[in-house]
Amino acid sequence: MTPEPDPEEVGRLREAYGAVRRRIDAAAARTGRDPAEVTVVAVSKTVPPARLRSAVAAGITILGENRVQEAETKAPEVAGARWHLVGPLQSNKARRAIELFEVIESVDRLELAVRLDRLLADAGRTDRLAVHLQVNVDRDRSKAGFDPGAIAEALPALAALEHLELAGIMTIGRLVDDPEAARPTFRALRALSERLRGLDPALGRGLSMGMTDDFEVAVEEGATTVRIGRAIFGERPGEADAR
Ligand SMILES: *Cc1c(COP(=O)(O)O)cnc(C)c1O
């Protein structure tokens, strides 16, 4: 039997999530956007299943993981959650990924998209798997993603993949001290989205951008998905010192 979630923990998570949601709503209001356009993915990497059951009880149902393996072990223990993959996907884990995730936000190369499409076809799936194309907007050598100058070239091949829904594009901003410093990256992602959608309407309007340190700026710049870990679940073990 799965133990009942601890009501105090549920309350704390509900409060943290509510605070995030209010900040998003305010950022949306500042720029005349409908806050309902913004989905929160609660990034739950390192957070144990018991706490995630409390999160679900608190109404936090869209969870983001950056490792297939970790999601695979936690998912069976967290009923009622919907999982997004936000981290790099190795080709040899693509088969497991299509079974686990409702959205893959981190499709960072054409070969991976082709592989996902083929696996979905082989599995006889008739729905389309929603994906975001990850773009390395800042051309940061340490980050994965399509080069912003080269993605247009790949777009026709991507759009032809019948089992994928190209929901939008995604980026991971640089680590910044001042959230304002992230604005140019977000603005560039939005401009790129507009340009690409002009070339191929198969690409959706989704913009997955913004994390704990900069999500309000991301919402002001048009984010439709924000991926938030620490502002909901607290600092991750071993990471606080690095900041
Ligand atoms: C960890 C992670 C996040 C969440 O980061 P926080 O700073 O904890 O909000 C968002 N996106 C990706 C890709 C991540 O790996």
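**Notebook: ligand site, pockets and cavity**

I started at the ligand: one of its oxygen atoms is 2.7 Å from an N or O atom in the side chain of Lys45. I count a polar contact as a pair of N or O atoms within 3.5 Å; within protein, one must be able to donate a hydrogen and the other to accept it, and residues adjacent in sequence count only if both atoms are side-chain atoms. The model is predicted: local features need pLDDT of at least 70, side-chain atom pairs count only at pLDDT 80 or more, and totals for chains, interfaces and linings use all residues. Residues are numbered from 1 along each chain as its sequence is written, and side-chain values use heavy atoms, without hydrogens and water.

I looked for further contacts. Thr212 has a polar side-chain atom 2.5 Å from a ligand oxygen. Arg236 places a polar side-chain atom 2.7 Å from an oxygen of the ligand. Taken alone, the ligand exposes 390 Å², and the protein buries 94% of that (Shrake-Rupley method, 1.4 Å probe).

Val43, Lys45, Val86, Ile172, Met211, Thr212, Arg227, Ile228, Gly229, Arg230 and Arg236 surround the ligand. By class, I get five nonpolar, two polar and four charged residues, with Gly counted as polar.

Where does the ligand sit? It takes the space of the largest pocket (more than half of its atoms lie within 2 Å of the grid points). I searched a 1 Å grid over the protein atoms alone: a pocket is an open set of points with protein on both sides within 12 Å along at least five of seven lines, a cavity is a set where a 1.4 Å probe fits but cannot get out, and lining residues have an atom within 4 Å of a point.

The largest pocket holds about 700 Å³. Of its 28 lining residues, Lys45, Asn66, Val86, Gly87 and Ile172 are the closest to its centre. The lining has ten nonpolar, nine polar and nine charged residues.

I then checked the second largest pocket, at about 200 Å³. Helix α7 (residues 183-199) gives the most to its lining, with four residues. The lining includes Arg33, Glu37, Arg190 and Arg205. I count one nonpolar, three polar and six charged residues there.

Last, cavities. I find one of 30 Å³ or more in the whole structure. The largest cavity has a volume of about 90 Å³. Ten residues line it, and Arg174, Leu175, Met211, Asp213 and Asp214 are the closest to its centre. Its lining has three nonpolar, two polar and five charged residues.

Note on methods: Grid points are joined across faces, edges and corners, and a volume is the space filled by probe spheres set on the points. Helices (H or I, at least four residues) and strands (E, at least two) are DSSP runs, numbered from the N terminus. A residue is near a molecule or strand if one of its heavy atoms lies within 4 Å of it.
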